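Good morning, colleagues. Please have a look at it first.

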Amino acid sequence: MTPATDLEAPRRPGRPRDAGARRAILDATLELLAERGFHATTMDAIAERAGVGKNTIYRRWPAKDDLIVDAFAHFTAVLKLNAGPSDDVYSRLLEYSRSLARLNADPLASRLIPGLLGELQRDPAFAEAYAERVVGPLRDPIVALLELARERGELRADADPDQIADMLLGPGFVRMLFAFAVPETKPSYPDELVEAIWRGVAAPA
């Protein structure tokens, strides 16, 4: 990555921080986590990879865990889904499932997840921050969308939005972790998954 020339220049009051620097730092964090693991990914290494000074990082993130959580939020931002009253729920679930499949197929994801799972088990404070700032913003809109569908009578009255969200999110994640033990995922897999779930939870015609 080519460092910008003015990243460390004094900033006028109210001047927006350099979005390019922020993205470079987040990308560098993910790359190093995938290459070296959590403990070997230092602020010094991130600054060097991103082409910025450490002060540029510490102005945004006071601790490494804060930066790592934001890096994962940046990586999974493609999955963000905002529910609204006029949503076509089935189409939105298809959109989400396809985006999730593309994310799970990213080679970077398969290199990041094992280390992430270990860190979540090792560090309760990190796990709490990750749940609040990464998992919640990705999962909560799906649950809200399904609750909306149930209220509109599109789902069975006894359908549980939390369970449906689990059924949507879980299979692709398992296939990514255990790709060596399951058949190769077909391009049609995300659509077929939504169809299988929908047949079980949709209200009778």
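Let me begin with pLDDT, which is the predictor's confidence in each residue, on a scale from 0 to 100. The mean pLDDT of the protein chain is 87, and 89% of its residues reach 70 or more. Residues 1-16 have a pLDDT below 50, and in the model this stretch has 26 contacts beyond near neighbours in sequence, a contact being heavy atoms within 4.5 Å. Where pLDDT is low, the predicted coordinates should not be read in detail.

Two remarks on conventions. This is a predicted model, in which local features need pLDDT of at least 70 and side-chain atom pairs count only at pLDDT 80 or more, while totals for chains, interfaces and linings use all residues. Residues are numbered from 1 along each chain as its sequence is written, and side-chain values use heavy atoms, with hydrogens and water left out.

Now the overall picture. The protein chain contains nine helices and zero strands; both are DSSP runs numbered from the N terminus, helices being H or I with at least four residues and strands E with at least two. Of the 205 residues, 40% are buried, that is, under 20% relative accessible area, with exposed meaning over 50% and partly exposed in between (1.4 Å probe, protein chains only). Among contacts between residues at least 6 apart in sequence, 68% join residues at least 24 apart.

I turn to helix H6. It covers residues 107-122, and its 16 residues reach 24 Å from first C-alpha to last, close to the expected 22 Å, where the expected span is 1.5 Å times one less than the number of residues. At the start of H6, a side-chain oxygen of Asp106 comes to within 2.8 Å of the backbone nitrogen of Leu108. Further along, H6 has a kink of about 30 degrees at Ile113, shortly before Pro114; the bend is the angle between axes fitted to the seven residues ending there and the seven starting there.

Which residues of H6 are buried? They are Leu108, Ala109, Leu112, Ile113, Leu116 and Glu119. An α-helix has 3.6 residues a turn, so residues three or four places apart point the same way. The cover over the buried residues of H6 includes helices H1, H4, H5, H7 and H8.

Finally, Val135 is found in helix H7. Val135 counts as partly exposed because its relative accessibility is 36%.

How values were computed. Polar contact = N/O pair within 3.5 Å; in protein donor to acceptor, adjacent residues only side chain to side chain.
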